[in-house]
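Me: I have a structure open and would like to learn how to read its features one at a time. Please give the general idea, then the case at hand.

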Amino acid sequence: KSLGSVWEVCRKCVGISYANGVALSADGAWVAVVETNLNRVLRFWLRDADCRGGGVGGGGGACPRAGETDVLIDKLPGTPDGISRAPDGGFWLALVAPLSPLPRHLAAWPRLRTLLSHLLPWVAPFAVGSWGAVVKLDERGRPVEALYDPDGSHVATVSAATEVGGRLFLGNLGGRGVSVLQL
């Protein structure tokens, strides 16, 4: 694809509050877009959904069309950052910090929000304590597993997660390396 066709898709995703991570579905029908400030992941449809058999996910309801956006998952236990597709077609969602009302309050000031996001590795331990988490989602966006480091002693401020060969590689905002977890 040319950069022009990619840009057209991105322009259709207007109004997203701090889009942070993206991952393509296994069938290429939609892209997951992390909306950090609203603690959720959106699903932007690249082509019409195949709704034979009861709608998206078999749950009935309207059949999404190309260019439409819906919520893949919300009500998360932490602030989402990166998302990547897992080898089984599901996703790994990195949660950079436990929930805080601060990002929503800063939504009107994107430059201040961006500045503070770059300071997160140094501010988070004082504001919310050390914490690390990733959530495994199935191909429909349903949580199937959550991995936590409640005190951040092994990994904290997880910003990215990638599964390869039975291992989960975790990037983090404040660490000096990559953490590796055998699955």
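Reply: What follows goes through strands, salt bridges, backbone angles and a surface patch. Keep in mind that this is a predicted model.

Me: Let us start with the sheet. In what order do the four strands of the open sheet come, and what is the sense of their pairing?

Reply: As a general idea, strands of a sheet pair through backbone hydrogen bonds, in either a parallel or an antiparallel way. Here the four strands are arranged as β5-β6-β7-β8, and their pairing is antiparallel. The edges are taken by β5 (78-85) and β8 (143-149); each has a single partner strand, so one side of each is left without a neighbour in the sheet. On average, neighbouring strands of this sheet are turned by 20° against each other, ignoring direction.

Me: How many bridges hold β7 and β8 together?

Reply: Six bridges, in the antiparallel sense, with β7 covering residues 132-137.

Me: Is Lys-136 buried or exposed?

Reply: Lys-136 counts as buried because its relative accessibility is 7%, and buried means under 20%. Leaving aside residues up to four places away in sequence, Lys-136 touches several others, including Ala-86, Phe-91, Trp-92, Pro-143 and Val-144. Asp-88 and Glu-145 are also among its contacts.

Me: Which residue does Lys-136 meet in a salt bridge?

Reply: Side chains of opposite charge can pair when their charged atoms come close. In this model the side chain of Lys-136 meets that of Asp-88, at 2.7 Å from N to O. Lys-136 sits in strand β7 and Asp-88 in the loop between β5 and β6 (91-98), so the pair ties together parts that are 48 residues apart in sequence. Asp-88 counts as exposed, at 54% relative accessibility, while Lys-136 is buried.

Me: How many salt bridges does the structure hold?

Reply: Five. Another of them joins Arg-43 to Asp-70, with the closest N and O atoms 2.9 Å apart. Arg-43 belongs to strand β3 (residues 40-45) and Asp-70 to strand β4 (residues 69-73), so this pair ties together parts that are 27 residues apart in sequence. Arg-43 counts as buried, with 8% relative accessibility. Asp-70 counts as partly exposed, at 22%.

Me: What are the details of the salt bridge between Asp-48 and Arg-65?

Reply: The closest N and O atoms of that pair are 3.3 Å apart. Asp-48 and Arg-65 are each in the loop between β3 and β4, 17 residues apart. Asp-48 counts as partly exposed, at 34% relative accessibility. Arg-65 is partly exposed as well, with a relative accessible area of 48%.

Me: Now the hairpin. Which residue in the turn between β9 and β10 has a positive phi?

Reply: Gly-165, with a phi of about 55°. The hairpin has two residues between its strands. Strand β9 (residues 158-164) and strand β10 (residues 167-172) run antiparallel and are joined by six bridges. Along this pairing, Thr-162 stands opposite Phe-169 in β10.

Me: Last, the surface. Which residues make the nonpolar patch?

Reply: Such a patch is built from residues with over 30% relative accessible area, and nonpolar side chains are joined within 5 Å. Here Trp-109, Leu-112 and Leu-115 make a nonpolar surface patch of about 320 Å². Leu-115 is found in helix α3, which covers residues 110-127.

Methods
Residues numbered from 1 in each chain as written. Predicted model: local features only at pLDDT ≥ 70, side-chain atom pairs only at ≥ 80, totals over all residues. Heavy atoms only, no water. Patch = residues over 30% accessible without salt bridge, like charges linked within 9 Å, V, L, I, M, F, W, Y side chains within 5 Å. Areas by Shrake-Rupley, 256 points an atom, 1.4 Å probe, with all protein chains shown as cover. Salt bridge = Lys/Arg side-chain N within 4 Å of Asp/Glu carboxyl O. Pairing = 2+ DSSP bridges. Axes fitted to C-alpha atoms, helices over the stretch in contact; angles between N-to-C directions. Buried < 20%, exposed > 50% of the residue type's maximum accessible area, 1.4 Å probe, protein only. Contact = heavy atoms within 4.5 Å.
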